[in-house]
Amino acid sequence: MCGIVGYIGDRNVYDVLIKGLHRLEYRGYDSAGVALETPEGNINVYKARGKVANLEAFCKDKNLDASCGIAHTRWATHGEPSDSNAHPHFSEDKKLALVHNGTIENYKVLKDALIKHGCKFHSETDTEVLVQLIEYIRLKNDCDLIDAVREALHQVQGAYAIAVIECGHPEQIVAARKSSPLVIGIGKNEFFLASDATPIVEYTKDVVYVKDEQIAVVRRGEPLKLVTLENEEADIDVTELEFSISQLEKGGYPHFMLKEIFEQPSTLLDCIRGRVVEGGHKIVLNGVRDNKEKFLNAKRIVIVACGTSWHAGLIGKYLLQEMCGLPVVVEYASEFRYNNPVINSDDIVIAISQSGETADTLAAIEIARDKGAFVYGISNVVGSSIPRCTHSGTYIHVGPEIGVASTKAFTGQVMVLTLLALAVGELRGTVSREELEKCGEWIQKIPGLVREVLKLNDKIERLSAIYTYARNFLYLGRGYNYPTALEGALKLKEISYIHAEGYPAAEMKHGPIALIDAEMPSVIIAPDDHLYEKVVSNVQQVKARGGSIIAIVTEGDDIISKIADYVLEVPKVPEFLTPIITSIPLQLLSYYIAINKGKDVDMPRNLAKSVTVE
């Protein structure tokens, strides 16, 4: 949540910062601001409530001359979205300007202490407390900015990624991180700072991912310097970015979300490339191959995740239990960290996160490691925190996902979990060679079958207009597609602001059936699987109470198609692959209902892409 950009170099500083903020706006869009340090060493701060476009309009007649600068787009935590609460924040004497992602948990104690020493505050944020603390330490100890930052960070509790500039030092930025991402791009006589690599890839492929409790010092004409909070010099590991600027553009689509939905045939192909080989007859996952003993000796699997990733984890539970014969527990990472989890050394904990920076999931990983479990990460972002703090894992390789409502990352996560279940099942002897080959052959067909499902686009666009009026939706599924129902309901909630509830179809009669009437549509996921006849009964129960039904069924269905009001047919696939196929129409339905309601589908209110605060 929130996005940081910083730049020192020969380019137009303001232009780099504004373009970077646009690239990061999916991380937060309550307000935005820039701090520009002039060649003479003065700092100009400009801020505006709302999206980055508002900041651009505000800055049109301002002095934008700068030798370096920092910028921020905010997702509010402390204090409502407003100009005064927007970043950057000045210190009391306006000698320092700072931007910050994360949450300073002990900010109230620090703020009270600083007020006693005469500091005055102009915002409700925890961030202003941090910049005031740094300035107080700098003046009290008569030290330079780097030492002041180090000492201040020793006193704060919580998560942070910060960037600070100082009057009189127009060619220096000091930055630091703990539990919130920060990446530095290295160009020719220039440096870029950002919360992720999306604002950087346009200019350079060479980046350094700052590690927890490290401070970065970037100065024009000097090499990057990294030190720990203990003032020990740290090694610099330069990584080459794997994605291109074209992946960050809409490519002719009206929204990133629609582009990312339609990218899924290619992203799923990327996900299985090099992993499903020999004509589909072999599954190769290095994370399993290199840790055979852990998977052979495992007694239980615990999956921790949040949001859409948690739904993927629920599907993973079905896959792993069926194919590996292991008991699987799926936990919300936010609850796991506080419910005194019982974790043993022969447990495997699978942590799932698109961004690789989800704060609750990172905390769950730390607990699992402390208890001696083997932790396996599933993430999309190369170089992010979760791949670095887990013992092993697998990237989903679906490319940057800009739309806040996850689509291609969800199907990528489900695909990786499918491959993981097959690989572990083969290793443990619970999946036969014949079964593995048959599954692998079907997996190779999935990108093409998803392409076929996307041909429903026009039909779903027309259908969605009928349901724009709805104020509530019920999503029903069974088995593998109960989590798909949860995910479909979440997508609708996220971008259309219609209340939607996902439920196991068999549980409907234990409560939710009371809600069904002509004004409450039901989306029922009913592929041709071993629970199909059971779902038919649920469809009839909804219809008997006057409910409107949208059914997702297998091509050729001749039972539910005669009962439902509207039918979306998808290709027949083995049961374990149905969640990938059936989730595509649900994504499109949510998208078009939201469009018909005039909503901003890429930046839904109150949401941000990477949830790095608790």
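Reply: Here it is, and please keep in mind that this is a predicted model.

Me: What lines the second largest cavity?
Reply: The second largest cavity is lined by P527, D528, T554, V570, P571, K572, V573, T578, I581 and T582. Helix α19, which covers residues 578–596, contributes the largest share of that lining, namely three residues.

Me: And by class, how does the lining of the second largest cavity divide up?
Reply: Five of the residues lining the second largest cavity are nonpolar, three are polar and two are charged.

Me: OK, stepping back, how many cavities of 30 Å³ or more are there?
Reply: The count at that cut-off is three cavities, and the largest cavity holds about 70 Å³ of space.

Me: Which residues lie nearest the centre of the largest cavity?
Reply: Those are C2, T77, H87, G102 and T127, out of twelve residues that line the largest cavity. Two elements, β6 (96–104) and α4 (126–141), each give two or more residues to this lining, and β6 gives the most, with three residues.

Me: What's the split into nonpolar, polar and charged for the lining of the largest cavity?
Reply: For the largest cavity the lining divides into two nonpolar, eight polar and two charged residues.

Me: Changing topic to α5, which of its residues are buried?
Reply: Helix α5 spans residues 145–155, and its buried residues are L145, I146, A148, V149, R150, A152 and L153.

Me: What do the buried residues of α5 pack against?
Reply: They pack against β6 and α4, and also against β7 (158–166), β8 (172–178), β12 (214–219) and β13 (225–228).

Me: Last one, N457. Where does N457 lie, and is N457 buried or exposed?
Reply: N457 lies in helix α16, which runs over residues 457–466. N457 counts as buried because its relative accessibility is 10%, and the cut-off for buried is under 20%.

Me: Which side chain does N457 make a polar contact with, and what else does N457 touch?
Reply: The side chains of N457 and D458 are joined by a polar contact of 3.2 Å. Leaving aside residues up to four places away in sequence, N457 touches L258, F262, L588 and Y592.

Note on methods:
Residues are numbered from 1 along each chain as its sequence is written. This is a predicted model: local features need pLDDT of at least 70, side-chain atom pairs count only at pLDDT 80 or more; totals for chains, interfaces and linings use all residues. Side-chain values use heavy atoms; hydrogens and water are left out. On a 1 Å grid over the protein atoms alone, a cavity is a set of points where a 1.4 Å probe fits but cannot get out, and a pocket is an open set with protein on both sides within 12 Å along at least five of seven lines; lining residues have an atom within 4 Å of a point. Grid points are joined across faces, edges and corners, and a volume is the space filled by probe spheres set on the points. Helices (H or I, at least four residues) and strands (E, at least two) are DSSP runs, numbered from the N terminus. Ala, Val, Leu, Ile, Met, Phe, Trp, Tyr, Cys and Pro count as nonpolar, Asp, Glu, Lys and Arg as charged, and the others, Gly among them, as polar. Buried means under 20% relative accessible area, exposed over 50%, partly exposed in between (1.4 Å probe, protein chains only). A polar contact is a pair of N or O atoms within 3.5 Å; within protein, one must be able to donate a hydrogen and the other to accept it, and residues adjacent in sequence count only if both atoms are side-chain atoms. Contact means heavy atoms within 4.5 Å.
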